[in-house]
Amino acid sequence: MKDPTRPQLTRRDFIRTTATAAAAVGAITAAPFVARGQVLGANSKLGVGFIGVGGRGRSHVNTIARMVKAGDPLQILGVCDAYAFRAEEVAKQTGAKIYKTHHDLLAEKGIDVVCIATPDRLHVPQALDAVRAGKDVYCEKPMGHWSQATLSRQFCLETQKFKRVVQIGNQGNSSKAWRKVAELVRQGVVGRPQHVQAGYFRDGDWGERMHIPDKSAKPGPELDWAGFLGDAPKKPFTVDRFFSWRKYLDYAGGPCTDLFPHVFTPFVSILGLKFPSLAVGSGGILKFDTYDREVPDTFNMCLDYPERLSVTIVCTLANGYPTEPAIRGDEGTITLQGPVWELGFDGVTVIPRKGQPTKVPGDKSDSVFAHWQNFLECVRTREKPVADVEFGYRVQVALNMAMLSYLEKKVATFDLEKEEIVLS
Ligand SMILES: NC(=O)c1ccc[n+]([C@@H]2O[C@H](COP(=O)([O-])OP(=O)(O)OC[C@H]3O[C@@H](n4cnc5c(N)ncnc54)[C@H](O)[C@@H]3O)[C@@H](O)[C@H]2O)c1
């Protein structure tokens, strides 16, 4: 029986809708605004600032430094980090000026774009400050912390209000391999997609047990504990909380918000998904229970979309044996041959209901570089990047729904009118 509450998409409707969505993956749609009243020329120099230069931020510094070396009109002007030694290292490497806090860095007029690679809970507050200060933003995934649903919406609205260009660090959206999948879906090889299944499996918890460079570190001029906490509960300092923040629910969410953005986000884009109507999150700490880890090591996310499509993403850190992600439709299946990472994958197999399977090679070229290129091009043209803020918000709502369902042991639904997550 047909569900009267759900729009009944035909195969043709679906292909028409996803043609637009897939175009957003492969190309760029025109944004309705122009910043500071002007589109920048291809050769005008952009000033870049870095907020948070730990593991990820440092790798972004290297990407931009590579672009500078290749002659791109960019200049690394500023850096700040709550752990001063990290900012000093980047200043030594690039000649950037060190700013004590992100507020000081944002006050620098010459900085046009900022890269935010701080712990999850700081992304949205710092990005909001950045768009209010007139900067364009490359903001690492996840767009926000699982507890910041309202603030994430605010970020989305204010990005539009201040006519800023924002790219969320879901580099899979710039991967050539994922684009191939988008193109196949757009061609209708699976008919109307109805089910997505994917996973992220790891042998180990090293991702959360992050390196502690100085076990005797203390808050002071070189370590900004209050800055690290941001809007998180005001807990006493420990080196673990500061350096190994991924273990704690106050600052992170575990696989759902750390790892799923890589395997889930491209599907949202390829299939043109909006907001889930229903989400369930399950899992727990099933293996790594011998230290003060708060985030789960096992997580399963089930989402129903009003587009009449179900998505299941699963993860354990106890065993790295992979699963083959699949999009199943009424006329066939697409499977992805792994390991499926943010950088792409080995290949794609198209299995029609009738006829022989065909294999399409994947691609593992540098999607982070491509993601930055797409962002910087959009900064100049004022067009929308491939993982713009509105897209990032849709992804974040789904992740937040699954996280809240898991934490509260309830089912999460989404009130589209109020844009609110409802738990029952
Ligand atoms: N897209 C990807 O593939 C990818 C890969 C790795 C990490 N990430 C994301 O990047 C973010 C950072 O991860 P990481 O592994 O680099 O963590 P990290 O702890 O190594 O780096 C975070 C840095 O932010 C600094 N910091 C903390 N509070 C700050 C503040 N108020 N102002 C300025 N700096 C502050 C810390 O001192 C630290 O140096 C995370 O959100 C993570 O999800 C994305």
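Trainee: Which helices each supply at least two residues of the shell around the ligand?

Mentor: A helix here is a DSSP run of H or I with at least four residues, a strand is a run of E with at least two, and both are numbered from the N terminus. Helix H2 (55-69), H5 and helix H8 (225-229) each give at least two residues to the shell, and the largest share, three residues, comes from H2. Please keep in mind that this is a predicted model, in which local features need pLDDT of at least 70 and side-chain atom pairs count only at pLDDT 80 or more, while totals for chains, interfaces and linings use all residues. Residues are numbered from 1 along each chain as its sequence is written.

Trainee: Which residues around the ligand come nearest?

Mentor: A residue counts as near a molecule or strand if its C-beta atom, placed from the backbone, lies within 6 Å of it. There are 26 residues around the ligand, and Gly52, Gly54, Arg56, Ala82 and Gly227 come nearest. Sorted by class, the shell has nine nonpolar, nine polar and eight charged residues, where Ala, Val, Leu, Ile, Met, Phe, Trp, Tyr, Cys and Pro are nonpolar, Asp, Glu, Lys and Arg are charged, and the others, Gly among them, are polar.

Trainee: Is glycine 57 buried or exposed?

Mentor: We count the other C-beta atoms within 10 Å of a residue's own: 20 or more means buried, 12 or fewer exposed, and in between partly exposed, with C-beta atoms placed from the backbone. Glycine 57, which is found in helix H2, has 22 such neighbours and therefore counts as buried. Contact requires C-beta atoms, placed from the backbone, within 7 Å; leaving aside neighbours within four places in sequence, glycine 57 is in contact with Phe50, Gly52, Cys115 and Ala117. From glycine 57 to isoleucine 116 there are 59 residues in sequence, but 7.4 Å in space, C-alpha to C-alpha.

Trainee: What stands opposite isoleucine 116 in S5?

Mentor: Strands pair if DSSP finds at least two bridges between them. Strand S4 (residues 113-116) and strand S5 (residues 136-139) run parallel and are joined by four bridges, with isoleucine 116 opposite cysteine 139. Helix H12 (residues 367-381) packs on the sheet, touching S1, S4, S5 and S6. The open sheet has six strands in the order S3-S2-S1-S4-S5-S6, with parallel pairing, and its edges are strand S3 (97-98) and strand S6 (166-168), each pairing on one side only.

Trainee: Which residues form the covered face of strand S9?

Mentor: In a regular strand the side chains alternate between the two faces of the sheet. In S9 (residues 298-305), the covered face has Phe299, Met301, Leu303 and Tyr305, and the uncovered one has Thr298, Asn300, Cys302 and Asp304. Leucine 303 is the bridge partner of alanine 279, while aspartate 304 stands opposite serine 310 in S10.

Trainee: How do the axes of helix H6 and helix H13 cross?

Mentor: Axes are lines fitted to C-alpha atoms, for helices over the stretch in contact, and angles between N-to-C directions run from 0 to 180 degrees. Those of H6 (residues 149-161) and H13 (residues 389-408) come within 9 Å and cross at roughly 170 degrees. The two helices are therefore roughly antiparallel, since under 35 degrees counts as roughly parallel, over 145 as roughly antiparallel, 65 to 115 as roughly perpendicular and the rest as oblique.

Terms used
Contact = placed C-beta atoms within 7 Å.
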